[in-house]
Amino acid sequence: MPFSLFNTVVSWMLKKRIHQIELFMKYPHEVQNEVLKKLVNQSKDTFIGKQYDFKSINSYKDFSERVPARTYEEFFDYIDRTIKGEQNIFCSENIKWFAQSSGTTNSKSKFIPVSNSALEDCHFKAGKDMLCLYINNNENSNIFSGKSLRLGGSRKIYENNNNYFGDLSAILIDNLPVWAEIISTPNNSISLMDKWDEKIEAIIEGTLNEDVRSLAGVPSWMLTLLNKLLEKTGKKYIDEIWNNLEVYFHGGVSFNPYRNEFENIISNKGFKFYEIYNASEGFFAIQDQNYSDELMLMLDYGIYYEFIPMKNYGTKNQKIIPLNKVERNENYAIVITSNAGLWRYVIGDTVRFTSTNPYKIKITGRTKHFINAFGEELIIENCDKAIKIVSKKTGCEIRDYTVAPIFMKGKAKGRHEWLIEFKSKPLCLSYFSELLDNALKSLNSDYEAKRYNNTTLEMPKIISARSGLFNYWLKKKGKLGGQHKIPRLSNSREFIESLLKLNKLDIKKLL
């Protein structure tokens, strides 16, 4: 079939989904209640279903009072039993796939169960919806007349005890439907290569002569690939290499610190950026409009959503609320019950609702990735926005950063220490620090209060990182490439101390 006809047929098929999306937008609570009812009913004969007597659960009230919320550590015993060969523990389907999480909170990997329903009705369905929403907003799109360059995890799938483990992206690539494989590049053998440096070179060789129309992957790693492509070809803009490039689907980390760099290497002013919110635990939300910074919560993927207000997260006053109780502009931790058998699972991410009709969100950070050492309640969203503001004012570009508190000692007040790897440095770090401080004050009233007259916090301390520091740190931990990312904020100095130690070495000689 000619690619032009293929584009027409696929676009028509995908756009049929719009009516179902409009349905859950119109009846969100009814759809979510049906999801919960189905999940409970399907799992009533599992170990966990019998443990909490799912057969007698007739309402959300029954469910919320009977089934406890759990973190990964608290749920791991169930997962471990399945890894060791037992089935029907937390999911009525046989579980053979486990997504090996990037584990940004510590070096230990998590193993997240992935059922066939999660693959088909969540991840693959979301992938189609991502394309559906894009082409619905861009009637003249021809992305299916060419290829989509995907940049996934660099770890191959490995087998143990008839189970399969690997990055979620590797699992998805290994199970892709035929039509998706036809329009994707590079091929599976390159996509699943284990060594990141060799993989990048293979992708460049395998895609230079392709008609790439769309990009998909984590911003930090995609930017690395595109810059290497420009270096190899001597071109200034990526769309000089791929003339028909239309859109970049990105997720995994905030796009704010990277937007300027992407815009600098793409000359087409009509080029689109579309954000998605996918994780090992599920695919949750998709940008549904051109040029929007909001993500629509997708309510019919076999995931039931609950939320914990962050203002009392981890306290004796902590409470969990369903979707119909959330309020705009409040910060919440996400709790999911899913078709992969995760029951009231606290995934560790935080979001803020920008709209409740329909339900739209912005990702604000992680439950463990914030700084509240002095009552400042600094979250990733604040830092990413501040970085964007200051970069624009100073004309500098930032590759990566991490922040940690410097704790009070003696008469010395506390402060925040920023370790920043600049692509192009500001002329004066102290001026950069002053602008950053002012930006944070404008974005976070708690931070502003603690900074008032240096009462609790002093001016941020900025340290310029050696070029390549963060990549070397990830490489040392075996986390270079794919979904792996730098921990932006920490309430402790564990991450930053190890990075500062490396920063004293000559990274170029070590790479």
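Pro358 lies in the loop between strand S15 and strand S16 (359-366). The model is a predicted one.

- Most residues other than glycine have a negative phi, and most peptide bonds are trans.
- Pro186 belongs to the loop between strand S6 (184-185) and helix H10 (188-191).
- Asn329 has a relative accessibility of 46%, so it counts as partly exposed.
- Is Asn453 buried or exposed? With a relative accessible area of 63%, Asn453 is exposed, because the cut-off for exposed is over 50%.

**Aromatic rings**

- How many aromatic pairs does a search of the whole structure find? The search finds 31.
- One of the pairs is Phe307 with Tyr332: the ring centres are 6.0 Å apart and the planes meet at 65°, so the pair is edge-to-face. The cut-off behind that label is an angle of over 60 degrees.
- This pair links distant parts of the chain, with Phe307 in strand S12 (residues 303-309) and Tyr332 in strand S14 (residues 331-338), 25 residues apart.
- Phe307 has a relative accessible area of 1% and is buried. Tyr332, at 3% relative accessibility, counts as buried.
- Tyr332 also pairs with Phe353, and this pair is edge-to-face, with 6.0 Å from centre to centre and 75° between the planes.
- Because Tyr332 lies in strand S14 and Phe353 in strand S15 (residues 345-356), the pair ties together parts that are 21 residues apart in sequence.
- Phe353 counts as buried, at 0% relative accessibility.
- Phe307, Tyr332 and Phe353 belong to a cluster linked by ring pairs, together with Tyr277, Phe284, Tyr305 and Tyr359.

**Charges over rings**

- The charged end of Arg81 sits over the ring of Phe47, at 4.4 Å from the ring centre.
- The charged end of Arg488 sits over the ring of Tyr401, at 4.4 Å from the ring centre.

**Helix packing**

- Two packed helices are described by the angle between their axes and the distance between the axes.
- Helix H11 (residues 196-207) packs against helix H12 (residues 219-233) at an angle of about 55°, and their axes are 10 Å apart.
- H11 and H12 are therefore oblique to each other. The crossing of H11 and H12 is right-handed.
- Which residues of H11 meet H12? Trp196, Ile200, Glu201, Ile203, Ile204 and Glu205 do so, and their partners in H12 are Trp221, Leu225, Lys228, Leu229 and Lys232.
- Helix H18 (residues 469-476) and helix H19 (residues 494-503) have axes 10 Å apart and pack at an angle of about 115°.
- That angle makes H18 roughly perpendicular to H19, and the crossing of H18 and H19 is right-handed.
- On the H18 side, the contact is made by Leu469, Phe470, Tyr472, Trp473 and Lys476. On the H19 side, Phe495, Ser498, Leu499, Leu502 and Asn503 take part.

**Around Lys235**

- Where is Lys235? Lys235 is in the loop between H12 and helix H13 (238-241).
- Lys235 is partly exposed, with a relative accessible area of 40%.
- Leaving aside residues up to four places away in sequence, Lys235 touches Leu230, Glu240 and Ile241.
- Lys235 and Pro186 are 49 residues apart along the chain, and their C-alpha atoms are separated by 21 Å.

Terms used
Residues numbered from 1 in each chain as written. Predicted model: local features only at pLDDT ≥ 70, side-chain atom pairs only at ≥ 80, totals over all residues. Heavy atoms only, no water. Phe/Tyr/Trp six-rings, centres within 6.5 Å; stacked < 30°, edge-to-face > 60°. Helix = DSSP H or I, 4+ residues; strand = E, 2+ residues; numbered from the N terminus. Buried < 20%, exposed > 50% of the residue type's maximum accessible area, 1.4 Å probe, protein only. Lys NZ or Arg CZ within 6 Å of the ring centre and 35° of its normal. Axes fitted to C-alpha atoms, helices over the stretch in contact; angles between N-to-C directions. Parallel < 35°, antiparallel > 145°, perpendicular 65-115°, else oblique. Left-handed = near helix turned anticlockwise from the far one by under 90°. Contact = heavy atoms within 4.5 Å.
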